[in-house]
Amino acid sequence: MQIALDLLLGGISLGGIYALVAFALSLSLATTHVLNVAHGTFMVLGAALATLLFRVSPVAWPLGVLALLLAFALLGLGFEAAFVRPFAAKSPDQILVGSILVTFGFALAVEALLGYYWARWVDPQPAFSLAFPLARITVLGVAVSGTRLTILLAAAGAIAGFHLFLRKSALGRAIRAVAQNYAGAVILGVNPRRVSRVIYLAGIVATAGAGVLLALAIPLEPYSGLRLTLVAMTIVVIGGVGSLPGALLGGGLLGMAEVLTAYALGSVWSPVVSLLVFFSVLVVRPEGLWGRRPG
């Protein structure tokens, strides 16, 4: 019973992290048509900076959280200016191909630099992980993992915040309008550049935060970014572009599949799951589990 509960909580919490990351990727793709292959790299950077601030050179946690937010907000704005805005006047096909090449190169460069300088200045064996003080806590008489429960609550809070922002704020409604009908939204007066800046600022901060949460559960390496991008893309394929319910469904399914695979076969087989699911969905139901078949 205890093992089943731990597996369930582990799968749902991992799925929550994946859903948050995938929804940020999906939203940026729907509004700008830029496929950001470096998306998972921001998770790794978030885990690396958090490891530096909270474990290697510890600072007070409010100061550390503020530093993380400011660093990735600036990185999000800089990334949007350097790698997204230049594609603004291009056709969708040119944006897609160009953005894949540019962001793939960015991801490789960041991974190589991070691995080299971390090994040289911090630790010869680069790995980013965090420890949570409450290993197990009791809820309603049942002992559960404090780490997993914290991850689940934090991921659920971030997803709920994203949802409320998109539904209740004027800027959120503008983002949804651009995602659904770009030309119509522009005609109605929506500023697509403002939407793009907000999407990448919020998306990269959320993705880096997801990396911090993931580092509480499993250690990340400098070269984990592209695998995490593949995970996010798999969930987008499962749930459809720009769909929050689809991202939650895909994240939950993939999180549970990875946790059960790690329990049954070993953690070395977990990354294979996302690859198998990715190609299976593309072959069997390319419109995604949440999408509708074209009439």
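1. Ground rules. In this prediction, local features need pLDDT of at least 70 and side-chain atom pairs count only at pLDDT 80 or more, while totals for chains, interfaces and linings use all residues. Residues are numbered from 1 along each chain as its sequence is written, and side-chain values use heavy atoms, with hydrogens and water left out.

2. Fold. You'll find 11 helices and two strands here, taken as DSSP runs (helices H or I, at least four residues; strands E, at least two) and numbered from the N terminus. Starting at that end, the order is α-α-α-α-β-β-α-α-α-α-α-α-α.

3. Overall size. The C-alpha trace spans about 55 × 45 × 35 Å along its principal axes. Of the 295 residues, 44% count as buried, meaning under 20% relative accessible area with a 1.4 Å probe, protein chains only.

4. What volume does the largest cavity have? It comes to about 50 Å³. A cavity is a set of points on a 1 Å grid over the protein atoms alone where a 1.4 Å probe fits but cannot get out; lining residues have an atom within 4 Å of a point. The volume is the space filled by probe spheres set on the points, which are joined across faces, edges and corners.

5. Its lining. Ala24, Ser28, Asn36, His39, Ile199, Tyr200, Gly203 and Ile204 line the largest cavity. Helices H1 (2-32) and H8 (192-217) are the elements giving two or more residues to this lining, and H8 has the largest share, with four.

Terms used
1 Å grid on protein atoms, 1.4 Å probe; cavity = no way out; pocket = protein on both sides within 12 Å on 5 of 7 lines; lining within 4 Å. Buried < 20%, exposed > 50% of the residue type's maximum accessible area, 1.4 Å probe, protein only.
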